[in-house]
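Please open the structure below in your viewer and keep the selection panel at hand. We will take a short walk through it, one stop at a time.

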Amino acid sequence: MTQYMTIPEAALRWEIAPDTIRAGCLRHEIRGAVRFGRSWLIPESAQRLSMAEKAGRKPEPRRAWDQKIRYVGWME
């Protein structure tokens with residue numbers, strides 16, 4: 001049976017901010033992370049999020065308005 005940890009437990013173990021782990025769960029970057037109600041359960045065997053991967057990625061727009069502007073090409 002797979003053992004799971006919560007986001008605060010993973011933050012202590014991996015020495016990463018809980019918000020970063022939560023964002024990784026939302027983007028499906030953590031393999032095996034499961035949403036259980038309002039919380040996330042992360043397998044203890046999951047790989048740590050690497051900051052090198054995060055550094056090379058462009059930030060995704062959060063609002064629909066930003067996506068529209070990016071699509072039209074006003075902001076580049």
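The tour starts at the sheet, moves on to a helix and ends at one tryptophan.

Keep in mind along the way that this is a predicted model.

Stop 1: Select residues 4-5, 34-36 and 39-43, which are strands E1, E2 and E3. Together they make an open, antiparallel sheet, and its order is E1-E3-E2. E1 and E2 are the edge strands, each pairing on one side only. Now zoom in on E2 and E3, which run antiparallel and are joined by three bridges. To see one of these pairs, pick Phe36 and its bridge partner in E3, Ser39.

**Stop 2: helix H1.** Next, select residues 7-14, helix H1. Which residues of H1 are buried? They are Ile7, Ala10, Ala11 and Trp14. Look down the helix axis: these buried residues fall within an arc of 105 degrees, so they line one face of H1. Turn to the other side of H1 and you will find Pro8 and Leu12 exposed. To see what covers the buried residues, display E1, helix H2 (18-26) and E3, which are among the covering elements.

**Stop 3: Trp14.** Finally, centre the view on Trp14, which counts as buried because its relative accessibility is 8%, under the 20% cut-off. Beyond its neighbours within four places in sequence, Trp14 is in contact with Met5, Ile21, Ile30, Ile42, Ala46, Gln47, Arg48 and Leu49.

Methods: Residues are numbered from 1 along each chain as its sequence is written. This is a predicted model: local features need pLDDT of at least 70, side-chain atom pairs count only at pLDDT 80 or more; totals for chains, interfaces and linings use all residues. Side-chain values use heavy atoms; hydrogens and water are left out. Two strands pair if DSSP finds at least two bridges between them. Helices (H or I, at least four residues) and strands (E, at least two) are DSSP runs, numbered from the N terminus. Buried means under 20% relative accessible area, exposed over 50%, partly exposed in between (1.4 Å probe, protein chains only). Contact means heavy atoms within 4.5 Å. The arc is that of the directions from the helix axis to the C-beta atoms.
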